[in-house]
Amino acid sequence: MRMVDLIEKKRNGQTLNKEEIDFIITGYTNGDLPDYQMSAFAMAVYFQGMTQEERVHLTEAMVNSGDQIDLSKIEGIKVDKHSTGGVGDTTTLVLGPLVASLGVAVAKMSGRGLGHTGGTIDKLEAVPGFHVEITNEEFIRLVNTNKLAVIGQSGDLTPADKKLYALRDVTATVDSIPLIASSIMSKKIAAGADAICLDVKTGNGAFMKKLEDAEELAKAMVEIGKGVGRNTKAIISDMSQPLGFAVGNALEIKEAIDTLKGQGPKDLTELCLTLGSHMAVLAEKAKTLEEARGMLEEVIKNGKALETFKTFLKAQGGDESVVDDPSKLPDAAHKIQVSAKEDGYISEIIAENIGVAAMKLGAGRETKDSIIDLAVGIMLNKKVGDEVKKGDALATIHSNREDVQEVMDMVHDSYKTVAEKVKAPTLVYKEIH
């Protein structure tokens, strides 16, 4: 088999079989195939696409390129959730304890963030003492005991994906549905869950700006999941404005606590109830989404979800008293208000710009070596559809430095105001089964 022949075959729109795709992925992972040939292959896929069968073979080849996590010693159906990312996406922090309090095993493998704010691990490390450096044995014990634990990503999970993604990043082949879908699903499948719930974002703060592109990606991932024997569902949710009010690590922990108390932002609460209902059905804890939602609302109301969060934090070295006293979380020295300059209604909040503004404060990483300031970030006071008067607080900047004029301007300019009343955007567009 020669790589040049396979590049030509895909360039001409023909279908590659399992052996051919295995040859490409194995060869590239081992260093037998050069970057320039893999770049040519990625560009051929970008223009010609892949059949559903090819996508499944590509995903399996990437899963088989490295370690796979064995969760068989964890009791019950293991359900994982993945979000394609956005600004202020606090869902994992809420969903973990919320779903675990129903008795669903949530064995979460998470990474650190490169972007607007930290990843789930960075956010959790805003809780004093919390750590993810635990053995696989301890991880499995904690999930069996508490139904929830979070561990750092294995260094050798899907190495083919890491190599291929780095190459796609510099060859203008990132936004290819087959390559995105197989990249995401290979990591989820290698992480060992039995069932997968996907939250595919759309809007200006999402990777997929257009609804039809988000729908195509969601369908591709659900079909891959089913193709490798994992029960997979997806919802398409809005990221045209930040989710919730908090953008920043400790700020998002506080918002997660509020949400688990039943006092969180409407959009974040609704999305967590929607995703959590799907996870409960996937785990066979409920027969219908309506039944699952009722169960989730009950564990928020009776405090069980909040207690599960405390137990989880304590089990991994965290100071669980932050749940009752959030003032123990990192707190920024300066709180600076960004005020409205005119009356009207908020018609748009450019999520991506809010995310970049938070990163400039130190809430996220510009490079892998950037050090995150866990205390800083942005709290939104107004969302799309809200009425605003001149002088009202649009947002509050939490900063450890006084001079934040650039960030203030960015935040202010992210808000668009119109004279006529505006409806809040749709939160959940579609469910893909």
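The model is predicted. Four strands make up an open antiparallel sheet, and the largest nonpolar core holds 81 residues. Helix α4 is largely enclosed by the rest of the structure, because nine of its 12 residues are buried.

**The four-stranded sheet**

- The strand order in this open sheet is β6-β9-β11-β7, with antiparallel pairing.
- Its edges are β6 (246-247) and β7 (334-339), each of which pairs on one side only.
- Six bridges link β7 to strand β11 (residues 393-399) in the antiparallel sense, and within this pairing Lys335 has His398 in β11 as its bridge partner.
- Helix α15 (residues 351-361) lies across β6, β9 (377-380) and β11, and runs at about 140 degrees to β9.

**Pairings of strand β8**

- Strand β8 (residues 344-349) pairs with strand β10 (residues 387-388) in the antiparallel sense through two bridges; here Tyr345 stands opposite Glu387 in β10.
- β8 is also joined to strand β12 (residues 415-418), again antiparallel, by four bridges; Ile346 has Thr417 in β12 as its bridge partner.

**Helix α4**

- Helix α4 (residues 52-63) spans 17 Å from its first C-alpha to its last, close to the 16 Å expected at 1.5 Å a residue.
- The buried residues of α4 are Glu54, Arg55, Val56, His57, Leu58, Thr59, Ala61, Met62 and Val63.
- The elements that cover these buried residues include α1 (3-11), α2 (18-30), α8 (159-169), α9 (177-190) and α10 (211-227).

**Nonpolar cores**

- In soluble globular proteins, nonpolar side chains tend to be buried together.
- Within the largest nonpolar core, the residues that touch the most other members are Leu98, Leu124, Leu313, Ile378 and Val411.
- Helix α12 (residues 266-282) supplies the largest share of this core, nine residues.
- A second, separate core of 38 residues includes Ile74, Leu142, Ile177 and Leu198.

- Leaving aside neighbours within four places in sequence, Leu313 is in contact with Leu124, Val127, Phe130, Gly318, Glu320, Val322 and Val323.
- Lys310 belongs to helix α14 (residues 304-315).
- The relative accessible area of Lys310 is 15%, so this residue counts as buried, the cut-off being under 20%.
- With neighbours within four places in sequence again left aside, Lys310 is in contact with Glu320, Val323 and Asp324.

Definitions and conventions
Residues are numbered from 1 along each chain as its sequence is written. This is a predicted model: local features need pLDDT of at least 70, side-chain atom pairs count only at pLDDT 80 or more; totals for chains, interfaces and linings use all residues. Side-chain values use heavy atoms; hydrogens and water are left out. Two strands pair if DSSP finds at least two bridges between them. The expected span of a helix is 1.5 Å times one less than its number of residues. Buried means under 20% relative accessible area, exposed over 50%, partly exposed in between (1.4 Å probe, protein chains only). Contact means heavy atoms within 4.5 Å. A nonpolar core is a set of buried Ala, Val, Leu, Ile, Met, Phe, Trp, Tyr and Cys residues joined through side-chain atoms within 4.5 Å. Axes are lines fitted to C-alpha atoms, for helices over the stretch in contact, and angles run from 0 to 180 degrees between N-to-C directions.
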